[in-house]
Each structure stands twice: as structure tokens, then as C-alpha cells.
Amino acid sequence: MRIWVDADACPVVIKEILYRAAQRWQRSLTLVANQMLRTPPSRLINAVQVPRGFDVADEYIVQHVKAGDLVITGDIPLAAQLVAKHAHVLSPRGEPFTTENIQERLSMRDMLEELRSAGVETGGPAVFNQTDQREFANALDRLMMKLSRSSKV
């Protein structure tokens, strides 16, 4: 299992948690972004810089992810594509995207997009805080433990 990160909008603190997790769980971690990223020196951690453009990083991840890989993204349409490929998907706030909830998430996103295009102010996401950071770290740890147990069975 490889860990992928839709890194353009991923908070720095989440990337730092992922760097530690890659070492702890001995998993390859690949950050994909349309800008140069600094990563700690490690044989397990690398960054891929894709050309600038709409959804170029997303397309790269979709093309390279395999069933059972883990992807960190807050992009709901990307998450839907990854869930369809049987990848595990977590948001940077620790929310899992699954076959059970992805259609509801897409519908809500589309509805909010329609409201915004009609001029309705919907507000943006809440400010990322320490609770979100803790929720992500806990969700990641739970998922990694579950996946490591199931791979030993």
C-alpha cells in the first residue's frame, strides 16, 4: 500500500504527520502538486511536480493509484474517482470518503456550487485548527492499524 497526497491544498501540519506515519508504518508516501515541494530526506518519501493546470495533480493520482492505496485529499470529485478504484480516502480533517458516503458528499458539494453560482454566499470551510489536526492523526492511525491487521490475515 502506498500513501498519496493531493498536496497543493494539504495543510503543512498534515504533511508533517504523514512524513512521520510513512516512517512509522514503513510505507511509501508520494506528494503530488503543481509546485515544487520540500520533503524530508527519506527513501520512503517523494514528491511529484506536475504541470500547472486544472486537475492535473488529480489526474496524475487517479492514473497511478492502485486498489488498497491510501489517498489524502479534500477534493470530493477526486475522492469519488478514487473510491471507485477501491482506494482508501481520507480528508485532511480525518473524514473518510467511502462507497457509503461519497454520493451524499458529491450531492452536497454540487448543491453548494449551484448556490454559489447563483450568488448565494455559502461561506467557506471552517478554519483548520488543532482539533482537525488531532482528528486526522487519530483517523490515520486507526486506518493504518486496521490495514496492517488485515494484511497479516
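Student: Where is His 86 in this chain?

Tutor: His 86 sits in the loop between α3 (76-84) and β5 (88-90). Bear in mind that this is a predicted model.

Student: Which other residue has a positive phi although it is not a glycine?

Tutor: Asp 55 has one, of about 65 degrees. Asp 55 also lies in a loop, the one between β3 (45-49) and α2 (56-64). Its relative accessibility is 30%, so Asp 55 counts as partly exposed.

Student: How many helices and strands does the protein have?

Tutor: There are 5 helices and 6 strands. Read from the N terminus, the order is β-α-β-β-α-β-α-β-β-α-α.

Student: How many salt bridges does a search of the whole structure find?

Tutor: The search finds 2. In one of them, Arg 24 pairs with Asp 141, and the closest N and O atoms are 2.6 Å apart. Arg 24 lies in helix α1 (residues 12-25) and Asp 141 in helix α5 (residues 130-152), so the pair ties together parts 117 residues apart in sequence.

Student: Which side chain meets Asp 132 in a salt bridge?

Tutor: That of Arg 93, at 2.7 Å from N to O. This pair also links distant parts of the chain: Asp 132 is in helix α5, while Arg 93 is in the loop between β5 and β6 (96-97), 39 residues apart. Now check the cover. Buried means under 20%. Asp 132 has a relative accessible area of 13%, so this residue is buried. Arg 93, at 24%, counts as partly exposed.

Student: What radius of gyration would a compact globule with 153 residues have?

Tutor: It would be near 15 Å; the protein has 16 Å, which agrees. Along its principal axes, the C-alpha trace spans about 50 × 35 × 30 Å.

Student: What share of the residues counts as buried?

Tutor: Of the 153 residues, 39% do. The accessible surface comes to about 9,100 Å², and carbon and sulfur atoms hold 52% of that surface.

Student: How far apart are the mean positions of the positive and negative charges?

Tutor: They are 12 Å apart, for 19 positive and 18 negative charges.

Note on methods:
Residues numbered from 1 in each chain as written. Predicted model: local features only at pLDDT ≥ 70, side-chain atom pairs only at ≥ 80, totals over all residues. Heavy atoms only, no water. Helix = DSSP H or I, 4+ residues; strand = E, 2+ residues; numbered from the N terminus. Rg over C-alpha atoms; globule rule 2.2 N^0.38 Å. Buried < 20%, exposed > 50% of the residue type's maximum accessible area, 1.4 Å probe, protein only. Areas by Shrake-Rupley, 256 points an atom, 1.4 Å probe, with all protein chains shown as cover. Lys, Arg positive; Asp, Glu negative; His and termini not counted. Charge placed at Lys NZ, Arg CZ, Asp CG, Glu CD. Salt bridge = Lys/Arg side-chain N within 4 Å of Asp/Glu carboxyl O.
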